[in-house]
Amino acid sequence: MNATTTLELGPTFETFVHANKRDAKGRHIGFVVGLRDNGVNFYAWVQNARYLGNGEWVEFGVQQRSRCFDSLKAANIWAYATARERIAKLTK
C-alpha cells in the first residue's frame, strides 16, 4: 500500500485590478487576481468582480477554477497577464 500525503495550502492572497470602467449600476468593473500555494504547487485564478469601495469587492459571474504552476513567478505572470487581457476586451 502506498501512502500519499497532501500538502496543506497556505493563505490566499487576493487583489482587485481595476478596469477603469463602470457597469450599469455605477460599480467599478475589475478582476480579482488570486494566488495560493502549498510550498510545491502554486495556484492562480482571475475572477470577474465589482469594486464596492473601502477595499471591498464582490465576485461576479461564474466561479473561476484555479490553474496550477510550478513557480510563484509563473503563476503571478499568468494571473496578471490574464487580467490585463480581460480588461483589454472590455475597452473594445
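Reader: What makes the span of helix α1 close to the one expected?

Author: In this predicted model, α1 runs over residues 72-90, which gives it 19 residues. From its first C-alpha to its last, the helix reaches 27 Å. The expected span is 1.5 Å times one less than the number of residues, and for α1 that comes to 27 Å. The reach of α1 is therefore close to the expected value.

Reader: Which residues of α1 are buried, and how do you know that they are on the same side?

Author: The buried residues are Ala 75, Trp 78, Ala 79, Thr 82, Ala 83 and Ile 87. They cover an arc of only 165° around the axis, so they lie on the same side of α1.

Reader: Why is Lys 73 called exposed?

Author: Lys 73, a residue of helix α1, has a relative accessible area of 64%. If you want a landmark in your viewer, Lys 73 and Gly 61 are 12 residues apart in sequence and 27 Å apart in space, C-alpha to C-alpha.

Reader: Which strands do the buried residues of α1 pack against?

Author: They pack against β1, β2, β3 and β5 (67-69). Packing here rests on contacts, that is, heavy atoms within 4.5 Å.

Reader: What makes up the largest nonpolar core?

Author: The core has 15 residues, and those with the most contacts inside it are Ala 44, Val 46, Ala 75, Trp 78 and Ala 79. β1, β2, β3 and α1 each supply at least two residues of this core. The largest share, 5 residues, comes from α1.

Reader: Which residues does Val 46 touch?

Author: Leaving out residues up to four places away in sequence, Val 46 touches Phe 31, Val 32, Gln 64, Trp 78, Ala 79, Thr 82, Ala 83 and Arg 86.

Reader: How do you know that β2 pairs with β1 and with β3?

Author: Two strands count as paired with at least two bridges between them. β1 and β2 have 8 bridges, and β2 and β3 have 10. Both counts meet the cut-off, so each of these is a pair, and each is antiparallel. For a partner to look up, Val 17 is bridged to Phe 31 in β2, while Gly 30 stands opposite Ala 49 in β3.

Reader: What is β2 like, mostly covered or mostly open?

Author: β2 is mostly covered, with 7 of its 10 residues buried.

Reader: Which turn residues of the two hairpins have a positive phi?

Author: In the hairpin of β1 and β2, with 5 residues between the strands, Gly 26 takes a positive phi near 85°. In the hairpin of β2 and β3, with 4 residues between them, Gly 39 in the turn has a positive phi of about 90°.

Reader: Which residues other than glycine have a positive phi?

Author: Two to look at are Asn 20, with a phi of about 60°, and Asn 54, with a phi near 55°. Asn 20 is in strand β1, whereas Asn 54 is in the loop between β3 and β4 (56-59). Their relative accessible areas are 73% for Asn 20 and 79% for Asn 54. Both values are over 50%, so both residues are exposed.

Reader: Why is the contact of Asp 23 with Arg 27 called a salt bridge?

Author: The closest N and O atoms of Asp 23 and Arg 27 are 2.7 Å apart. The cut-off is 4 Å, so the pair qualifies.

Reader: Why is Asp 23 called buried but Arg 27 partly exposed?

Author: Asp 23 has a relative accessible area of 17%, and buried means under 20%, so Asp 23 is buried. Arg 27 has 23%, which falls between 20% and 50%, so Arg 27 is partly exposed.

Reader: What other salt bridge does Asp 23 form?

Author: Asp 23 also bridges to Arg 50, with the closest N and O atoms 3.1 Å apart. Asp 23 lies in the loop between β1 (13-22) and β2 (28-37) and Arg 50 in strand β3 (residues 42-53), so the pair ties together parts that are 27 residues apart in sequence. Both Asp 23 and Arg 50 are buried. Salt bridges with shared partners join Asp 23, Arg 27 and Arg 50 into one network. A search of the whole structure finds 2 salt bridges.

Conventions. Residues are numbered from 1 along each chain as its sequence is written. This is a predicted model: local features need pLDDT of at least 70, side-chain atom pairs count only at pLDDT 80 or more; totals for chains, interfaces and linings use all residues. Side-chain values use heavy atoms; hydrogens and water are left out. A salt bridge is a side-chain nitrogen of Lys or Arg within 4 Å of a carboxyl oxygen of Asp or Glu. Buried means under 20% relative accessible area, exposed over 50%, partly exposed in between (1.4 Å probe, protein chains only). The arc is that of the directions from the helix axis to the C-beta atoms. A nonpolar core is a set of buried Ala, Val, Leu, Ile, Met, Phe, Trp, Tyr and Cys residues joined through side-chain atoms within 4.5 Å.
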